[in-house]
Amino acid sequence: MTLSISQAPRQIAIVGCGPKGLYALDSLCEAARKTPSHSYDVHIFEESPHPGAGPIYDPGQPNVLLMNFPASKIDAWTGGRGPDLLQWLMGQGNKVAADEYVPRAVVGRYLTWCFNQVVAGAPPNIHIAMHEGRVCDVWQLQAGWMLSPGRIVVDELLICTGHQDWCRTRRTECCQSIPSPFPVDQALTRARVPPGASVACKGFALTFLDAMLALTEGRGGSFTRSEQGYTYYPSGGEPRLIAPFSRTGRPMRAKVDTDRFVPPQGSVFWEARLDEFDALLTDKHGTTFFGDIWPLMLQMAERTLDSVPGTAVAVFADWQESVFDRERCRYELRAGCEIAFGTRPPDILWALGETWRRCYPRLVRWISHQELPETDAARFSAVAAEMERLAFGPPAQNTGKLICLERTGLVSLDHLKGDLSADVTVDTTIPPAGSAALSQPLNGLLRDGHLSVGALGGITVNDRAQALVNDAVTPGLSIIGRATEGSVLGNDTLSRTLHDLPERWAANVVRADRASPETSLEQTA
């Protein structure tokens, strides 16, 4: 005689299947594999034709668009269950250096392959149904959620829609205004941005660099590098002028080239500093960011270079409070690039960025899933915005190419205040993280009271990714990714080690299913 358990399959929807959706599906498959007596129907909704990659890592985008994350840190698997990016490329006969910044298209092909492996290797108690398209509306039912289009009803809804409205398609009042440079092969065509046109770019961060490279190198131009820097060889298809503008004019500092840069301190120094940092974070409820954590980080940056106490405070205040003109912007670009390539000693701004990078995983754990007091939250947001520029800038080669194009006159820093009357204006900002720029279905769920927004601006979730309203769980609704930025810190990453929300979400779904009263026992001879 055997005893089996039968029940209707639990219905689950994953809305948005870029990397975060991929990680969630993989985690659910692993959790379900351990409970073979329970079955799950999983509905995947992804409007991109490349699930796993999504639009940001579209495998068809130009190779001039590079990752902002070294190849050695890209691994879609936990526990060594599959190849990381370097191993996968090696298996295809492509050897890549660990610190190389590969094209996003290459990573997109890897992520798409990983998705296909997860689907092919799903356990027998998981049935996956693909739905290509965008979920427009979601309604809460007495037990579960209904998704439109399709009127599909599920018990558990996970939303991983990532960058909201990434490829903005809204209508603009002016035909010379391009609301988003993505996808570049559609938004920045020669018909929309003719050769010889003047182009103003709203925004001066990573997306601007993507647009700049798409309009130059992506149109057949080429760069060579020597000890003196980069030289550009135009194709004749470029605009005559590309002019970025932003509220502050402050550029991003380049990431260091590890082959050329020599760090001023080694692992022993940083182990000691991080032990001090851990000791401070132990009292999570008694510690504040601006009163305790930030002063320690400023001191750590000064000790990195043996700087005079107070140097970091003064330099950071000057950086944060200044609106840069052409000369200040040009100086900071070149200083950061020379430091990155090892031709100039590190300065205190580099030390601040390095300190932030080293402490960041610990800061993520400390700040996620807790509500900072309003004043502390505002101060953290202001500091974090500047540290994004100093710690998480572009690869050094992209900054070097920007400097080269500015030197040749193709890029101009003369219009940082946005005073250029250009033939074409491109919005190279990206929708902000958190709740500030939600699209469907998240904005409808927020409107209907199923979601709430925390002090740092993100959709509030607990450590199992469940949506919270007034500290109470919204049954069957979970959010992972960029919309939660603030409630969860550091979503813009492919890392599977910085957060474990996909694993926690999957474990909670399976745990809830095991506890379901609908399970029935069947006895067979």
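At 9% relative accessibility, Arg 104 counts as buried (under 20% relative accessible area, with exposed meaning over 50% and partly exposed in between, for a 1.4 Å probe and protein chains only). The model is predicted, with local features requiring pLDDT of at least 70 and side-chain atom pairs counted only at pLDDT 80 or more, whereas totals for chains, interfaces and linings use all residues. Residues are numbered from 1 along each chain as its sequence is written, and side-chain values use heavy atoms, with hydrogens and water left out.

Arg 104 pairs with Asp 210 in a salt bridge, at 2.9 Å from N to O (a side-chain nitrogen of Lys or Arg within 4 Å of a carboxyl oxygen of Asp or Glu). Because Asp 210 lies in helix H5 (residues 206-214) and Arg 104 in helix H3 (residues 104-120), the pair ties together parts 106 residues apart in sequence; helices are DSSP runs of H or I with at least four residues, strands are E runs of at least two, and both are numbered from the N terminus. Asp 210 is also buried, at 8%.

The structure holds 32 salt bridges. In another, the closest N and O atoms of Glu 217 and Lys 401 are 3.1 Å apart. Glu 217 is in the loop between H5 and strand E11 (222-226) and Lys 401 in helix H12 (residues 396-408), so this pair ties together parts 184 residues apart in sequence. Glu 217 is partly exposed, at 22%, while Lys 401 is buried, at 11%.

Disulfides (pairs of cysteine sulfur atoms within 2.5 Å) number 0. For Cys 29, the nearest cysteine sulfur, that of Cys 17, is 11 Å away.
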